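Hello,

Here is the structure I promised to hand over. Please have a look, then read my notes below.

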Amino acid sequence: MDYAARITGTGSAFPETRMTNDDIALKLTEVGLKTSDQWIRERTGIVERRISDVNNSAEHNSSLGERAAQMALEMAGRKPDDIDQIIYATCSPDTIIPATACWLQSKIKAHNAWAMDINAACSGFVYGTVIAEQFIRTGRSKTVLVIGAEVLSQFVNWHDRTICILFGDGAGAAIVERESAKSPQRIISSHLVSDGRLSELLHVPAGGSNMEITPERYARSMHKMRMNGKEIFKVAVRTLTECALRSLEQWGMRVDRLDWFVPHQANLRIIEAVANRLGLPMDRVVVNLDRFGNTSAATIPTALDEAIRDGRIQPGQTVLVDAFGAGLTAGGFLFRW
Ligand code: ACO
């Protein structure tokens with residue numbers, strides 16, 4: 001029997017606290033830096049983002065993942081016991097050991113599953129879904145929970161105005177299930193790439209096994225993200241366009257037949273440049289970064305969930321998702337909802 005993989009449910013969750021651009025401008029004034037709502041809107045398209053209160057366990061990474069997972073299970077009509085595999089995409093885990101996937105497994109009581117984290121930064125949800133698809137197609141898994149969730153506000157350098165304006169916290173989830181290979185509703189094609197030569201464009205120097213966080217390194221914010229925004233911008237436009245075209249080509253699909261494009265939400269100008277290169281009008285592009293900023297691995301599943309729940313994405317429609325992130329990692333997949 002040949003199998004295909006189908007997305008049958010999605011969910012999303014965000015922390016309660018909204019941080020507007022004006023809030024950030026005020027916060028930066030306290031450390032002698034300037035920014036403005038106008039600058040952030042014009043350069044990024046972001047208006048506000050959500051920030052987790054890490055003293056509140058309900059807003060930990062795995063707790064946001066738990067809420068998103070419950071919504072996805074409900075939409076798919078599945079119970080936690082049905083899940084046989086959990087893939088948790090995050091680069092801001094609850095803990096280094098154990099995997100956030102295991103914290104989540106315990107919270108949602110998915111005791112029949114095996115669980116693992118993957119770190120592909122902002123491409124994590126795309127990588128995770130394609131991994132789920134492969135396990136399903138070989139017959140090894142039947143019902144996979146894929147989560148993309150981040151509390152990146154903990155890794156943002158609040159003294160660097162080029163970074164702290166961009167990121168927000170949140171979680172998105174999808175249930176990916178075994179389907180007959182003949183089913184029209186399935187994951188149709190995918191394309192994954194990475195280029196480790198570009199690792200330094202966005203990285204956190206300290207906190208891994210090769211550099212512990214000493215007081216001196218802490219004072220220099222070496223445990224926070226460092227980013228070459230200008231270079232990432234250029235690479236992002238190129239790789240997102242390439243991954244989108246490759247995913248379409250594999251299925252021989254013309255871009256004008258595509259119903260929806262759900263790209264990684266890093267900067268509205270990047271999204272518009274990619275849509276323009278693909279020849280896609282913006283009314284077929286799902287955008288949520290104005291309200292949530294860049295939530296890294298969570299951008300695509302949260303945007304997808306919003307567009308499915310508000311009825312923009314209809315059963316039978318074809319959707320292309322497309323991501324890039326630190327690594328550099330990138331990838332896209334095409335599916336029929
Ligand atoms: N407020 C006000 N001024 C600012 C700010 C700010 N927050 N940040 C930078 N500036 C200033 C700069 O100092 C510079 O001033 P100067 O001209 O006097 O030197 C000017 O604004 C222009 O700076 P640029 O860096 O050229 O601004 P740019 O238009 O490139 O926008 C940004 C910067 C928003 C970071 C953009 O490069 C970007 O979005 N890059 C991609 C970043 C990204 O996607 N990162 C995450 C990807 S990977 C992942 O998702 C995990």
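Start with the ligand. One of its oxygen atoms lies 2.9 Å from an N or O atom in the side chain of R269. That is a polar contact (a pair of N or O atoms within 3.5 Å; within protein, one must be able to donate a hydrogen and the other to accept it, and residues adjacent in sequence count only if both atoms are side-chain atoms). A ligand nitrogen atom sits 3.0 Å from a polar backbone atom of G229. W39 places a polar side-chain atom 3.4 Å from a nitrogen atom of the ligand.

A word on the basis. This is a predicted model, where local features need pLDDT of at least 70, side-chain atom pairs count only at pLDDT 80 or more, and totals for chains, interfaces and linings use all residues. Residues are numbered from 1 along each chain as its sequence is written, and side-chain values use heavy atoms, with hydrogens and water left out.

Now the sheet. It is open, with 5 strands in the order 1-7-6-4-5 and mixed pairing. Strands (E, at least two residues) and helices (H or I, at least four) are DSSP runs, numbered from the N terminus. Two strands pair if DSSP finds at least two bridges between them. Strand 1 (3–13) and strand 5 are the edges; each has a single partner strand, so one side of each lacks a neighbour in the sheet. Strand 4 and strand 6 pair in the parallel sense over 5 bridges. I86 stands opposite L145 in strand 6.

T143 also belongs to strand 6. T143 is buried, with a relative accessible area of 5%. Buried means under 20% (1.4 Å probe, protein chains only). Beyond its neighbours within four places in sequence, T143 is in contact (heavy atoms within 4.5 Å) with D82, I83, D84, Q85, I175, V176 and E177.

Last, helix 4, residues 100–108. Which of its residues are buried? They are T100, A101, L104, Q105 and I108. They cover an arc of only 140 degrees around the axis (taken from the directions from the axis to the C-beta atoms), which puts them on the same side of helix 4. They pack against helix 3 (61–76), strand 4 (85–89), strand 5 (114–118) and strand 6 (143–150). K109 follows helix 4, and its phi is positive, near 60 degrees.

Best wishes

Definitions and conventions: Buried < 20%, exposed > 50% of the residue type's maximum accessible area, 1.4 Å probe, protein only.
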